[in-house]
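Subject: Structure for you to look at

Dear colleague,

I am handing over the structure we spoke about, and below it you will find my notes on what turned up. Please read them with the coordinates open beside you.

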Amino acid sequence: MADRKPVVAGNWKMNKTSEEAEALAKGVVDAVSGVEGVEVVVCPTFTCLERVAGVVKDTSVCLGAQNVYWEAEGAFTGEISTAMLLTAGCSHVILGHSERRQFFGETDGTVNRRVKAALEATLSPIVCVGETQEERESGVTDSVVRTQVTGSLDGLSSEEVDKLVIAYEPVWAIGTGLTATPEQADEVHALIRSVLADAHGQETADSVRIQYGGSVKPDNASVLFSQPNIDGGLIGGASLEAVSFAAVVKGALG
Ligand code: PEP
């Protein structure tokens, strides 16, 4: 079994002005200082990236964005390029979040193009997948997640797949206070690993980190993260406050 370093990422979504983001980033840096063995990432909005980069520079905290476009430049109003994120100090980028899929028309096809562009630019993609409540209730969770993983990672080499992180985020658990049970979550993580094994071999499947996301809080983080196939989390609400985010990060310590 590969030795996977857990990764805990805070998705700040459309929250925090630059000043607030800078203060939150300072709080996170202080609160996680001395924590080793967990990769910590904060993902503010585009306008706050450079300011937060100034805070996390020379610390163990990494900077991520919440999306990226696949073209290098040009007439693509509202989009942002990999070069822009790199020069802003990003090392990670969240792609295919369910809110992008739900409200902004992202598909596995567009996620796939973004993933390829990010990898080419040496940004680490955090690729989100997950079923809706209706899909879970109709018993199609496995096929939905399998299709999303396959489509989002289409055409990638095993070396490329090795470099990304997958976030399993059941849509019904995001921002709702409902959490998948550790067993429910681990079952889907195991399925994702088997999809990766079919496409890229067991070694790659064993080395890819798969985060859980969906109402992770300080009080449920460690039980979720201690599941065999769960390698940390993608955190929304609880990442907006340094103390609670740091407590979640510490939940990933072995
Ligand atoms: C998310 O949006 O990625 C998320 C998991 O949000 P929350 O933790 O608030 O459920």
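Ser-152 has its place in helix H7, residues 141–152, and in this predicted model that serine counts as buried because its relative accessibility is 1%, where the cut-off for buried is under 20%. Computed along the sequence, Ser-152 is 128 residues from Leu-24, and in space the two are 32 Å apart, C-alpha to C-alpha.

Turning to the strands, E2 (residues 39–43) is largely enclosed by the rest of the structure, because five of its five residues are buried. Strand E1 (residues 7–11) runs parallel to E2 and is joined to it by five bridges, with Val-7 having Glu-39 as its bridge partner; the chain passes from E1 through helix H1 (residues 18–32) to E2 in a right-handed β-α-β crossover. E2 is also joined to E3, again in parallel, by three bridges, and here Val-41 stands opposite Cys-62. A right-handed β-α-β unit is formed by E2, helix H2 (residues 49–56) and E3.

Strand E3 (residues 61–65) in turn pairs with E4 in the parallel sense over two bridges, Gly-64 standing opposite His-92, and the chain reaches E4 from E3 through helix H3 (residues 82–88), a β-α-β crossover that is right-handed. E4 (residues 92–95) is covered on both faces, with His-92 and Ile-94 buried on one side and Val-93 and Leu-95 buried on the other. E4 and strand E5 (residues 124–129) pair in the parallel sense over four bridges, and Ile-126 in E5 is the bridge partner of Ile-94.

What surrounds the ligand? There are 14 residues around it, of which Lys-13, Glu-169, Gly-175, Ser-215 and Gly-237 come nearest, and by class this shell has four nonpolar, eight polar and two charged residues. Oxygen atoms of the ligand lie 2.8 Å from a polar side-chain atom of His-97, 2.7 Å from a backbone N or O atom of Gly-175 and 2.8 Å from a polar backbone atom of Gly-236. On its own the ligand has 290 Å² of accessible area, and the protein covers 97% of it.

With best regards

Key: Residues numbered from 1 in each chain as written. Predicted model: local features only at pLDDT ≥ 70, side-chain atom pairs only at ≥ 80, totals over all residues. Heavy atoms only, no water. Buried < 20%, exposed > 50% of the residue type's maximum accessible area, 1.4 Å probe, protein only. Pairing = 2+ DSSP bridges. Right-handed = clockwise from strand over helix to strand, strands pointing away. Near = heavy atom within 4 Å. Polar contact = N/O pair within 3.5 Å; in protein donor to acceptor, adjacent residues only side chain to side chain. Areas by Shrake-Rupley, 256 points an atom, 1.4 Å probe, with all protein chains shown as cover. Nonpolar A, V, L, I, M, F, W, Y, C, P; charged D, E, K, R; others polar.
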